[in-house]
Amino acid sequence: MSDLKKIKDEFLKKFNEKLNLTEINKLKSDLFGKNGLISSQFKKIGLISENDRKKFASDLNIIKDELQGLIELKIKEIENAEINEKLENEKIDVTLPERNFVRGKIHPVSQTIDEISSIFSEIGFSIEEGPDVENEYNNFTALNTPYNHPARDMHDTFYLDEKKEKLLRTHTSPVQIRTMLKDKPPFKIIAPGRTYRSDSDQTHAPMFHQVEGLYIDKEINMGHLKGCLDYFIKEFFEVKKIKMRFRPSHFPFTEPSAEVDIGYEIRDGKIIIGEGEKWLEILGCGMVHPNVLKNVKVDPNEYQGYAFGIGIDRLAMLKYGINDLRAFFECDYRWLNHFGFDPLDVPTNYRGLSR
Ligand code: DAH
């Protein structure tokens with residue numbers, strides 16, 4: 001019997017026993033390892049007479065492929081069997097009652113968005129959404145912010161491409177544009193969501209939240225804006241009186257424009273709202289600029305109205321006495337357990353927002 005046939009027969013004898021993964025790997029290295037039986041045969045090729053060499057090499061290669069194939073197949077088989085056994089043993093019966101019950105908490109920002117939505121829904125605003133990845137047109141140009149306007153730098157925008165066509169929206173104002181382009185006036189909407197600017201300290205995070213407001217109809221004026229914001233702030237903070245001031249300001253998309261601050265003070269490390277000598281800016285607002293209306297094919301001679309953009313995270317900080325914005329986004333479970341809300345306690349105006 002030739003050497004090759006002997007090697008093959010020996011191999012098959014062992015191979016057909018019940019082997020585990022370690023044993024099959026040993027068999028593999030006995031054949032194909034550095035000094036393995038098959039490897040040694042390859043070293044012999046050069047010593048064989050020229051007449052027999054070709055046939056020997058060809059036989060050797062056939063056997064090599066055959067045995068290698070058998071081994072690989074077996075390894076796969078064993079591995080599959082192991083996986084199946086594991087799956088079988090680790091099966092979870094989802095119908096069993098839970099043993100360690102931990103109820104998650106609602107993040108203060110989510111809770112605040114629900115509260116804001118509830119307040120504005122009560123007075124007839126519907127809720128709109130827009131994408132975080134915006135185009136340059138909706139975020140700036142349509143909002144009367146031309147290419148060379150300093151606001152584009154001022155915003156410290158995260159651009160997503162070289163041409164500066166795609167970006168992470170720097171405010172929720174582009175939802176004004178999206179809303180007005182897809183419908184006909186009147187418009188009375190709010191749009192809460194994430195916004196992004198390249199900014200980070202105790203009161204600024206690169207990702208933060210805003211809620212946009214837009215009310216366009218035939219006779220909406222600045223008085224309506226003040227009334228609406230006054231109503232909102234009191235409802236939100238659940239107080240009868242609030243210290244609030246309108247400061248003249250500038251935004252390209254409103255004329256006239258204002259910023260609104262609310263009064264607060266810090267007592268024993270806690271923020272007390274509506275009192276004290278300190279002011280915190282919480283929103284920008286104004287009457288929508290005629291150019292913005294023209295950009296969305298709304299006739300400024302027929303329609304007018306107000307818009308506002310409120311910083312949601314700051315409202316949440318003020319209301320719930322949280323004094324570092326960064327904690328909002330650190331995902332610390334202990335923090336969330338302390339500041340979070342019961343998932344079943346959905347805010348509604350009639351039950352009280354934050355019982
Ligand atoms: N988009 C402004 C900002 O992020 C906020 C703002 C100001 C929104 C005035 C408005 C507005 O709708 O009318 O700073």
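Buried means under 20% relative accessible area, exposed means over 50%, and partly exposed lies in between, using a 1.4 Å probe and protein chains only. I start there because cysteine 228, at a relative accessible area of 7%, is buried. Cysteine 285 is buried too, at 2% relative accessibility.

A word on the model. It is predicted: local features need pLDDT of at least 70, side-chain atom pairs count only at pLDDT 80 or more, and totals for chains, interfaces and linings use all residues. Residues are numbered from 1 along each chain as its sequence is written, and side-chain values use heavy atoms, with hydrogens and water left out.

Back to the cysteines. How many disulfides does the structure hold? Zero, where a disulfide is a pair of cysteine sulfur atoms within 2.5 Å. For cysteine 228, the nearest cysteine sulfur belongs to cysteine 285 and is 9.9 Å away.

Next, the domains. The domain assignment, automatic or from a database, gives domain 1 as 2-90 and domain 2 as 108-351. Their centres, taken over C-alpha atoms, are 70 Å apart.

Now the helices. Helices (H or I, at least four residues) and strands (E, at least two) are DSSP runs numbered from the N terminus. Axes are lines fitted to C-alpha atoms, for helices over the stretch in contact, and angles run from 0 to 180 degrees between N-to-C directions.

Helix H1, residues 3-15, and helix H2, residues 21-32, have axes that come within 11 Å and cross at roughly 170 degrees. H1 and H2 are therefore roughly antiparallel (over 145 degrees; under 35 is roughly parallel, 65 to 115 roughly perpendicular, and the rest oblique). Contact, meaning heavy atoms within 4.5 Å, involves Ile7, Phe11, Lys14 and Phe15 of H1 with Ile24, Leu27 and Leu31 of H2.

Helix H5, residues 108-122, packs on helix H9, residues 222-237, at about 130 degrees, with the axes 10 Å apart. So H5 is oblique to H9.

Last, the backbone. Proline 185 and proline 186 are joined by a cis peptide bond, with omega about 5 degrees. Another cis peptide bond joins glutamate 255 and proline 256, with omega about -5 degrees; proline 256 lies in strand E7, residues 254-267.

Lysine 297 is not a glycine, yet has a positive phi of about 60 degrees. Is lysine 297 buried or exposed? Exposed, with a relative accessible area of 74%.
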